[in-house]
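Please look through the model shown here with the sequence beside it.

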Amino acid sequence: MRLTITSIVFSAAMAGFVLAQSPAEAPKAKEDSPKDPAVPAQKSTESPKEMPPVVKDAKKTGSPAPKAEKSVPVDRFSPTPRPERLNLTLLEHPQSRMGVTWRTDSTVTKGMVQVGPANNSGYAMRAHAEKGTGGFRTIEAKTTPVDAGGEKAHYHKVTLEELEPGTLYAYRAGDGNNWSEWHHFRPAKTGSRPFRFVYFGDAQNDVLDYWSRVIRQADRFSPDFMLHAGDLIDRGENDKEWGQWHAAGGWIHASVPCLPTPGNHEYSGSANRKSRLTPHWNAQFNLPANGVKGLEGTCYYIDYQNTRFISLNTNEKDRFEEQAAWLDSVLSANHCRWTIVTFHHPVYSSAKNRDNAEVRKFFRPVIEKYKVALVLQGHDHSYGRSGMMAGAEEADGSDMAKRGDTVYVVSVSGPKMYQLNDRAWMEVRGEQKQLFQVIDVSADAIKYEAYTATGEKFDAFEIRRDGARNKLVNPGEPIAAPGGPLMVLWLAASVVVLVPVGLLGIRFARKVPG
Ligand SMILES: [Fe+2]
């Protein structure tokens with residue numbers, strides 16, 4: 001009983017205390033507050049949240065009063081000791097080799113990659129890497145300093161060799177103290193097994209804001225590699241823009257190898273300096289150096305599962321003649337089933353008031369002489385795709401031959417768009433669309449599909465062999481039986497041989513007495 005009375009008294013005292021502490025009824029929020037953004041909001045009496053706290057009596061605390069600094073954008077792309085911007089690239093003999101690059105700040109003076117067969121246990125994989133067991137190796141990197149917007153950065157480059165074709169590998173990059181996460185990749189297979197790659201036109205502008213969704217959408221198709229037809233960013237020597245490109249792809253760049261060709265925006269000049277390829281290019285892309293001397297990493301070729309990919313550098317006009325001669329030599333010695341060529345400036349332009357007459361003059365005849373199946377280009381910030389073309393010397397392609405062997409494509413993956421110029425060479429055209437192309441290659445066909453940034457199919461066709469010629473097959477069109485003309489010859493030969501043999505057999509049977 002005493003306990004109950006004590007409890008009632010204590011509860012009443014607490015209730016009185018709580019009531020005394022409560023403010024008067026809070027005013028209701030105005031339900032009819034202006035929602036129209038055109039109506040100016042009432043001036044807030046509160047201090048802006050981003051202002052630093054005011055220290056009223058600095059002398060007493062002994063701390064200096066912080067300066068009210070102006071808010072500046074955070075530079076999220078400054079280099080750090082951590083390995084960042086990991087990037088895989090295809091090299092000559094992609095079934096046994098792979099290029100790796102990454103970036104750190106300049107305090108990191110050495111780099112290395114640990115690589116071995118991917119393991120389901122991450123800790124087991126790390127133990128193997130540290131001991132050099134289980135097929136794991138450590139490969140030292142070559143380190144190059146590159147200016148990163150006034151700061152020095154170090155790019156580290158490794159060529160992985162003696163890889164097993166088609167095997168799933170794991171690797172990490174670092175300096176022994178700071179490591180990247182583990183990434184997976186798979187070198188090319190041998191022979192003419194089917195594969196898939198993605199082709200991007202110019203990403204170029206506001207890459208992190210608007211191109212990131214395109215590369216992520218493209219990655220859903222699980223390509224074996226990604227080809228970029230130049231103008232990956234807008235200002236080739238601007239480190240922050242490269243930071244955006246790497247951030248947009250993130251771990252995709254570290255696990256899906258790329259095959260880039262440079263555009264005019266990877267070149268820059270000034271009043272005192274001739275236009276030059278950005279030093280970022282060969283520092284961050286470990287690419288083949290098997291092309292014209294002096295154009296390493298921009299003019300090159302690789303053979304990927306029985307398809308020859310060739311990159312030409314259409315920014316180096318002084319060297320078009322040399323590149324055309326090199327292209328002829330590379331194609332004359334080509335034993336691959338298919339050939340695909342990429343460069344930035346299109347043979348036939350798709351945008352208004354544009355033409356690259358010298359690209360057409362030097363490269364088109366060689367491309368068509370060797371029946372290159374596909375030419376993948378950029379630069380015109382719109383979409384244009386030809387039928388099977390040959391022989392057109394005019395800019396609009398109006399003088400093309402009736403039958404050709406090459407499909408020319410111009411595409412764009414970034415947000416900047418140019419007005420389309422509807423020209424005779426275009427079989428399919430498009431504008432105001434960020435696109436990517438998914439291309440499946442097999443011994444029988446090159447199956448091409450263009451998709452928009454939102455994943456809608458925009459264009460599709462197949463290239464098939466028709467004897468020694470290339471043939472374009474549109475969706476829904478019947479595909480001739482494999483070896484069609486050969487089959488007809490075989491049937492004709494059978495008739496010529498088998499019918500007389502049959503007749504002789506009948507005559508012989510009649511002569512033999514029953
Ligand atoms: Fe361009």
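Leaving aside its neighbours within four places in sequence, Gly149 is in contact with Asp239 and Lys240, where two residues are in contact if their C-beta atoms, placed from the backbone, lie within 7 Å. This glycine is found in the loop between strand S5 (142–148) and strand S6 (151–160); helices (H or I, at least four residues) and strands (E, at least two) are DSSP runs, numbered from the N terminus. The C-alpha atoms of Gly149 and Asn238 are separated by 6.7 Å, although these residues stand 89 residues apart along the chain. Gly149 counts as partly exposed because it has 16 C-beta neighbours inside 10 Å; a residue is buried if 20 or more other C-beta atoms lie within 10 Å of its own, exposed if 12 or fewer, and partly exposed in between, with C-beta atoms placed from the backbone.

This is a predicted model, in which local features need pLDDT of at least 70 and side-chain atom pairs count only at pLDDT 80 or more, while totals for chains, interfaces and linings use all residues. Residues are numbered from 1 along each chain as its sequence is written. The protein holds ten helices and 24 strands, and 40% of its 514 residues count as buried. Of the contacts with a separation of 6 or more, 69% come from residues 24 or more positions apart.

Seven strands form an open sheet in the order S14-S15-S16-S17-S19-S18-S20, with mixed pairing; two strands pair if DSSP finds at least two bridges between them. Its edge strands are S14 (300–304) and S20 (428–430), each of which pairs on one side only. Strands of a sheet pair through backbone hydrogen bonds, either parallel or antiparallel. Strand S14 and strand S15 (residues 307–311) pair in the antiparallel sense over five bridges, and Tyr301 stands opposite Ile310 in S15. Two residues lie between the strands of this hairpin, where Gln305 takes a positive phi near 45°. Four of the five residues of S14 are buried, so this strand is largely enclosed by the rest of the structure. Elsewhere in the sheet, strand S16 (residues 338–342) and strand S17 (residues 374–377) pair in the parallel sense over three bridges, and Thr342 stands opposite Leu376 in S17.

What do the buried residues of helix H9 pack against? They pack against helix H8 (320–332), S16 and S17, and they are Val359, Arg360, Phe362, Phe363, Arg364, Val366 and Ile367. Helix H9 (residues 357–369) has 13 residues, which at 1.5 Å a residue should span 18 Å, and its end C-alpha atoms are 18 Å apart, which agrees; the expected span of a helix is 1.5 Å times one less than its number of residues. Just after H9, Lys371 takes a positive phi of about 55°.

Leaving aside its neighbours within four places in sequence, Ala450 is in contact with Ser411, Leu435, Gln437, Phe458 and Asp459. The C-alpha atoms of Ala450 and Tyr383 are separated by 9.9 Å, and the two residues are 67 residues apart along the chain.
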